[in-house]
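Please have the model open while reading.

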Amino acid sequence: MRKLLLTSTGFSNKNFKNLFLKQIPKDAQKIKVIFIPTAAIFDDAREVLPGCMQDLTDVGILPENIFIYHFIYHLGYLMSKDHPRTYHAGQTNIPHMFRLLSIHEMKEYNAVYFCGGDPAHLLNEINRTGFNDILKSAVETGLFYIGASAGSIVAAGNIPNNLGYLENELHVHCETGTRCGELPPQKIYLTDSQAIWIEGDNIEIIE
């Protein structure tokens, strides 16, 4: 069953940390997370990346369980899905960070964390590489999706060819947020202490 937590600033609200841990039925030290900083293509977003990583370590997740090769999964390193491989001779064991993960490999992880930055760039990379199909399949079978800022927007209705988890247009980092509870028919505004919680077909604004 799909479970997505769409936030402005990750786990800045401690209630979100508790929700995350409650939804994954294992000790925090055994939770494995894919960390995706692809959206951080400008300095304001890059500056926040250590805080995004700290979201995970603060709840007890071990650094060695946050992906593997250099702790990140950067979609910018992946080839386009339709680009033919020319220099493949001898490349029989391509490291995870340079290729698309398989469904089987995705199932080894409990959550995926999308950091903030440029949502259009992030969504383009998700679709360009074919990660969208792998991601959607994994989310439907239990991979916990955590979005921070741009990582949340790509799941909403702001940009064409989005991930399709939320029809509404989503705005983050707002001074005044949409009232918690059921979703309004159109735009949604989240403060840094609010999030959208999606569990199966149920969608609500929480704080």
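S152 sits in helix α6. Helices here are DSSP runs of H or I with at least four residues, strands are runs of E with at least two, and both are numbered from the N terminus. The model is predicted: local features need pLDDT of at least 70, side-chain atom pairs count only at pLDDT 80 or more, and totals for chains, interfaces and linings use all residues. Residues are numbered from 1 along each chain as its sequence is written, and side-chain values use heavy atoms, with hydrogens and water left out.

Is S152 buried or exposed? S152 counts as buried, because its relative accessibility is 0%. The classes are: buried under 20% relative accessible area, exposed over 50%, partly exposed in between, with a 1.4 Å probe and protein chains only. A polar atom of the S152 side chain lies 3.0 Å from the backbone oxygen of G147. Such a polar contact is a pair of N or O atoms within 3.5 Å; within protein, one must be able to donate a hydrogen and the other to accept it, and residues adjacent in sequence count only if both atoms are side-chain atoms. Not counting residues up to four places away in sequence, S152 touches L6, T7, G147 and L170. Contact means heavy atoms within 4.5 Å.

T7 belongs to strand β1 (residues 3-7). T7 is buried, with a relative accessible area of 1%. Its side chain reaches the backbone nitrogen of T9 at 3.5 Å.

A148 is part of strand β4 (residues 144-148). A148 counts as buried, at 4% relative accessibility. Beyond neighbours within four places in sequence, its contacts are T7, S8, T9, G10, Y113, F114, C115 and G116. I61 is 87 residues from A148 in sequence, and their C-alpha atoms are 18 Å apart in space.

## L62

L62 lies in the loop between α2 and α3 (103-106). L62 counts as partly exposed, at 26% relative accessibility. Its C-alpha atom is separated by 27 Å from that of V154, 92 residues apart along the chain.

## Salt bridges

Side chains of opposite charge can pair when their charged atoms come close. How many salt bridges does the structure hold? The structure holds five. The criterion is a side-chain nitrogen of Lys or Arg within 4 Å of a carboxyl oxygen of Asp or Glu.

D43 and R46 form one of them, at 2.7 Å, N to O. Both residues lie in helix α2, three residues apart, about one turn of the helix. D43 is exposed, with 56% relative accessible area. R46 is partly exposed, at 40%.

R99 and E105 form another salt bridge, at 2.7 Å, N to O. E105 is buried, with a relative accessible area of 13%. The side chains of E169 and K187 meet at 3.9 Å, N to O. This pair links distant parts of the chain, 18 residues apart: E169 is in the loop between α6 (150-153) and β5 (170-171), K187 in the loop between β5 and β6 (188-189). E169 is partly exposed at 28%. K187 is also partly exposed, at 41%.

The largest pocket holds about 200 Å³ of space. Of its 14 lining residues, N110, T141, G142, L143 and F144 are the closest to its centre. The search runs on a 1 Å grid over the protein atoms alone: a pocket is an open set of points where a 1.4 Å probe fits, with protein on both sides within 12 Å along at least five of seven lines, and lining residues have an atom within 4 Å of a point. Grid points are joined across faces, edges and corners, and a volume is the space filled by probe spheres set on the points. The lining divides into eight nonpolar, four polar and two charged residues. Ala, Val, Leu, Ile, Met, Phe, Trp, Tyr, Cys and Pro count as nonpolar, Asp, Glu, Lys and Arg as charged, and the others, Gly among them, as polar.

The second largest pocket has a volume of about 170 Å³. It is lined by 15 residues, with S8, V48, C52, G116 and S149 nearest its centre. Which helix gives the largest share of this lining? Helix α2 (residues 43-58) does, with six residues. By class, the lining has seven nonpolar, seven polar and one charged residues.
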